[in-house]
Amino acid sequence: MSINYRFESPQILLDFLAYHETIKAHSSKTVDEYFLDLRNFFRYLKQSRDKSLQGVPFDEIGIMDVDLSLIRTVTLSDIYGYMTYLSRDRVVHQNSEISNKGLTTASRARKLATIRSFFNYLCNKKHLLENNPCKDIDSPKIQKSLPRYLTLNESISLLDSVDGQNRERDYCILTLFLNCGLRISELIGLNRNDIQDDALRVLGKGNKVRIVYLNQACKEALQQYLAVRRPISGKDQEALFLSSQNKRISRSMVHALVKKHLSQAGLDSTQYSSHKLRHTAATLMLQNGVDVKAVQEVLGHEHLNTTEIYTHIDNESLRVAARANPLSKVKPKGKIKDTEEGE
């Protein structure tokens, strides 16, 4: 859902959002999230300071009166108080009567990152603040988990399972996910003229363009799909992947077709998604000797440490290292006794 923040933002917030949209070239979705995060923070700040707002529903508190004089009063204690509110009292799903309270660590960290970005902008870009209340605040510690991915055999089973209506289209989409590691937003944004011989022009995060080279499987899948892709007219006539309604394929439709084919392949569709296929592409490349920096380029990661998480998954070199230890073949002497009950 797109949000028109221009009608709900005070000027100082509007300037910050416009900076990210026009100068930093962040997507409209990212800018919308910044707006929602900061609106939520200023609602909390006003309600915590004004007793007359204590009984007002949180989502009805306006922020159009937020200005520099108010922002200058924000302290480190205010931000810690807000983080406590998010952790204990913030409703997870605002429109549900049965929603739990308390946001996840990752959600709190993202909201804090927005607040930090806002105050950094005011201090370092606009020079409107001398003291940054976020300067000494620590981000919530996020429990890192390894990405879930399909094995090589599971990936082959997934591709083999594709059949029925739109077979060529779905097979091509899955092939690009598994071989090129595209984000879902990148895939649905592809146009026909983005195919350039043996390469694919991909528009990634922050409107950054990268070139992804196509292997034989991708080229053949694209060739088969383009042979049956029907010509259409209108605004989506250049879209590479089309829906049954002759429109650019949507995010929800791609999610649905991935889940459908996962189920058809006998895989748990609740555990995997289109993004997990991106993880699969990265993992399979690294397992088969591709340099981590090359994988970074393929995936379009801005920072190498984002890519390096995949090096911890099923790394065959770690198995080799374990077997190479000269003590690896030493066996225990005699029969191992069973542990006595209650010991």
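## Close-up views of a predicted model

**View 1. Y44 and its surroundings.** Y44 touches F58, D78, G81, Y82 and Y85, leaving out residues up to four places away in sequence; contact here means heavy atoms within 4.5 Å. The place of Y44 is in helix 2, where helices (H or I, at least four residues) and strands (E, at least two) are DSSP runs, numbered from the N terminus. With a relative accessible area of 16%, Y44 is buried; buried means under 20% relative accessible area, exposed over 50%, and partly exposed in between (1.4 Å probe, protein chains only). The C-alpha atoms of Y44 and D59 are separated by 9.9 Å, and the two residues are 15 apart along the chain. A word on how to read these views: this is a predicted model, in which local features need pLDDT of at least 70 and side-chain atom pairs count only at pLDDT 80 or more, while totals for chains, interfaces and linings use all residues. Residues are numbered from 1 along each chain as its sequence is written, and side-chain values use heavy atoms, with hydrogens and water left out.

**View 2. The chain as a whole.** For orientation, the secondary structure of the chain comes to 14 helices and 3 strands. Of its 343 residues, 40% count as buried. Among contacts between residues at least 6 apart in sequence, 57% join residues at least 24 apart.

**View 3. Helix 7 against helix 11.** Two packed helices are described by the angle between their axes and the distance between the axes. Here the axes of helix 7 (residues 167–180) and helix 11 (residues 274–287) come within 6 Å and cross at roughly 45°. That makes helix 7 oblique to helix 11. Axes are lines fitted to C-alpha atoms, for helices over the stretch in contact, with angles from 0 to 180 degrees between N-to-C directions; angles under 35 degrees count as roughly parallel, over 145 as roughly antiparallel, 65 to 115 as roughly perpendicular and the rest as oblique. On the helix 7 side, look for L174, F177, L178 and N179, which meet S274, L277, R278, T280, A281 and M285 in helix 11. By class, this contact has 6 nonpolar, 3 polar and 1 charged residues. In that scheme, Ala, Val, Leu, Ile, Met, Phe, Trp, Tyr, Cys and Pro count as nonpolar, Asp, Glu, Lys and Arg as charged, and the others, Gly among them, as polar.

**View 4. S274 in helix 11.** Zoom in on S274, which lies in helix 11. S274 is buried, with a relative accessible area of 4%. Setting aside neighbours within four places in sequence, S274 is in contact with F177, I184, H255 and V258.

View 5. Strands of a sheet pair through backbone hydrogen bonds, either parallel or antiparallel. In this model, 3 strands form an open sheet in the order 1-2-3, and the pairing is antiparallel. Strand 1 (195–196) and strand 3 (209–213) are the edge strands, each pairing on one side only. Strand 1 is joined to strand 2 (residues 199–203) by 2 bridges; two strands pair if DSSP finds at least two bridges between them. In strand 2, L200 stands opposite I195.

**View 6. D194 beside the sheet.** Have a look at D194, in the loop between helix 8 (184–188) and strand 1. Beyond its neighbours within four places in sequence, D194 is in contact with G189, A199, L200 and R201. The side chains of D194 and R201 meet in a salt bridge (3.4 Å, N to O), that is, a side-chain nitrogen of Lys or Arg within 4 Å of a carboxyl oxygen of Asp or Glu. D194 is buried at a relative accessible area of 6%, whereas R201 counts as partly exposed at 32%.

View 7. In one of them, the side chains of R110 and D37 meet at 2.9 Å, N to O. This pair links distant parts of the chain: R110 sits in helix 5 (residues 105–125) and D37 in helix 2 (residues 28–49), 73 residues apart. R110 is partly exposed, with a relative accessible area of 37%, while D37 counts as buried at 2%. Together, D37, R110 and K111 are linked in a network of salt bridges.

**View 8. K46 and D65.** K46 forms a salt bridge with D65, and the closest N and O atoms are 2.8 Å apart. This pair, too, links distant parts of the chain, with K46 in helix 2 and D65 in the loop between helix 2 and helix 3 (68–71), 19 residues apart. K46 counts as buried at 17% relative accessibility; D65, at 49%, counts as partly exposed.
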